[in-house]
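This briefing goes through one protein model, topic by topic. Please keep the sequence and the structure in view while reading.

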Amino acid sequence: MSLSLAGRTAEPLAQPVPARRGGFGGAEGLASYLRAERIDVLIDATHPYAAAISANAVEAARSAEVKLLALRRPPWIEAPGDAWTVVDTMEDAAEALGKAPRRVFLALGRKELRPFEAAPQHVYLVRSVDPVEPPLAVPHAIYVTARGPFREEEDRALLERHRIDAIVAKNSGGDATYGKIAAARALHLPVIMLKRPALPEVESVATVADALAWLDHAMTFSTARGV
């Protein structure tokens, strides 16, 4: 078993299995890797917003003739007390903040921040695992480096300390980053939520436990057939 990391984080957490970092050079590069390493099963466990990686996984699995499973976290569902505005793009999110100055928590990846330079009237709070380089070209930005998971009480304290009045987030799903959504609900703050991209329709499961069960079944079936 091996793990491939996209390389977005400078110092990823240590993993209990062999790991590599960085891209493959597109679908064909990934297919070549699968063949060279004699991989039998590919599990696409990438972020729900990494649509290009998921598309490459489908094409590579088909080319290399390996089994493919997608591990896809269910999205968060708007709950009573939430005030979400769902948008299609980061540019739409920046526009949805409006013209009047606000104090905004950008709960996004470092590579998704640049569209907000078009709305420099706001004060932006940015939390990321690694420093944002170069910084945003806006007059007022606050940077916090931290690694999740983040609990609701921690995020509520962060929002209150910086007097945040709006949040921009991606619907990542899962518990690790849900704290800000629960905190926004408790503080009656609006959330501008980026819609998930369309992903390839492949066999998928929602949890790691389900993926391991699927893998165990797939490998048992292959062994029984003498594959």
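**Helix pair α1 and α2**

Helix α1 (residues 26-36) packs against α2 at an angle of about 45 degrees, and their axes are 8 Å apart. That angle makes α1 oblique to α2. The model is a predicted one.

- The crossing in which α1 passes α2 is right-handed.
- On the α1 side, the contact is made by G26, A27, E28, L30, A31, L34 and R35. On the α2 side, N56, A57, E59, A60, A61, S63 and A64 take part.
- Sorted by class, the contact of α1 with α2 has eight nonpolar, three polar and three charged residues.
- A64 belongs to helix α2 (residues 51-64). With a relative accessible area of 16%, A64 is buried, since buried means under 20%.
- Leaving aside neighbours within four places in sequence, A64 is in contact with A31, L34 and R35.
- A64 and L30 are 34 residues apart along the chain, and their C-alpha atoms are separated by 8.9 Å.

**The six-stranded sheet**

- Six strands form an open sheet in the order β5-β10-β9-β6-β7-β8, and the pairing is parallel.
- The edge strands, each pairing on one side only, are β5 (84-87) and β8 (141-145).
- From one strand to the next, the twist averages 20 degrees.
- Strand β7 (residues 123-128) runs parallel to β8 and is joined to it by five bridges. In one of these pairings, V126 has Y143 of β8 as its bridge partner.
- β6 and β7 also pair in the parallel sense, over four bridges. Here L106 has V126 of β7 as its bridge partner.
- How many of the six residues of β7 are buried? Six of six are buried, and the strand is mostly covered.
- Both faces of β7 are covered. V123, L125 and R127 are buried on one side, and Y124, V126 and S128 are buried on the other.

- The axes of α4 (residues 152-161) and α5 (residues 179-187) come within 8 Å and cross at roughly 60 degrees. These two helices are therefore oblique to each other.
- The crossing of α4 and α5 is right-handed.
- α4 contributes E152, D155, R156, L159 and E160 to the contact. α5 contributes G179, K180, A182, A183, A184, A186 and L187.
- The residues in the contact of α4 with α5 divide into six nonpolar, one polar and five charged.

- R102 is in the loop between α3 (90-96) and β6. Its relative accessibility is 23%, so R102 counts as partly exposed.
- Not counting residues up to four places away in sequence, R102 touches A96, L97, H122, V123, D165, A166 and P190.
- One of these contacts is V123. R102 and V123 are 21 residues apart in sequence, and their C-alpha atoms are 6.2 Å apart in space.

**Cis peptide bonds**

- E133 and P134 are joined by a cis peptide bond with omega of about -5 degrees. P134 lies in the loop between β7 and β8.
- G148 and P149 are also joined by a cis peptide bond, with omega of about 10 degrees. P149 is in the loop between β8 and α4.

**Positive phi outside glycine**

- R38 is not a glycine, yet its phi is positive, at about 55 degrees. R38 sits in the loop between α1 and β3 (41-44). At 72% relative accessibility, R38 counts as exposed.
- E65 is a residue other than glycine with a positive phi, near 60 degrees. E65 lies in the loop between α2 and β4 (67-71). With a relative accessible area of 73%, E65 is exposed.

Notes:
Residues are numbered from 1 along each chain as its sequence is written. This is a predicted model: local features need pLDDT of at least 70, side-chain atom pairs count only at pLDDT 80 or more; totals for chains, interfaces and linings use all residues. Side-chain values use heavy atoms; hydrogens and water are left out. Axes are lines fitted to C-alpha atoms, for helices over the stretch in contact, and angles run from 0 to 180 degrees between N-to-C directions. Angles under 35 degrees count as roughly parallel, over 145 as roughly antiparallel, 65 to 115 as roughly perpendicular and the rest as oblique. A crossing is left-handed if the near helix is turned anticlockwise from the far one by less than a right angle, and right-handed if clockwise. Contact means heavy atoms within 4.5 Å. Ala, Val, Leu, Ile, Met, Phe, Trp, Tyr, Cys and Pro count as nonpolar, Asp, Glu, Lys and Arg as charged, and the others, Gly among them, as polar. Two strands pair if DSSP finds at least two bridges between them. Buried means under 20% relative accessible area, exposed over 50%, partly exposed in between (1.4 Å probe, protein chains only).
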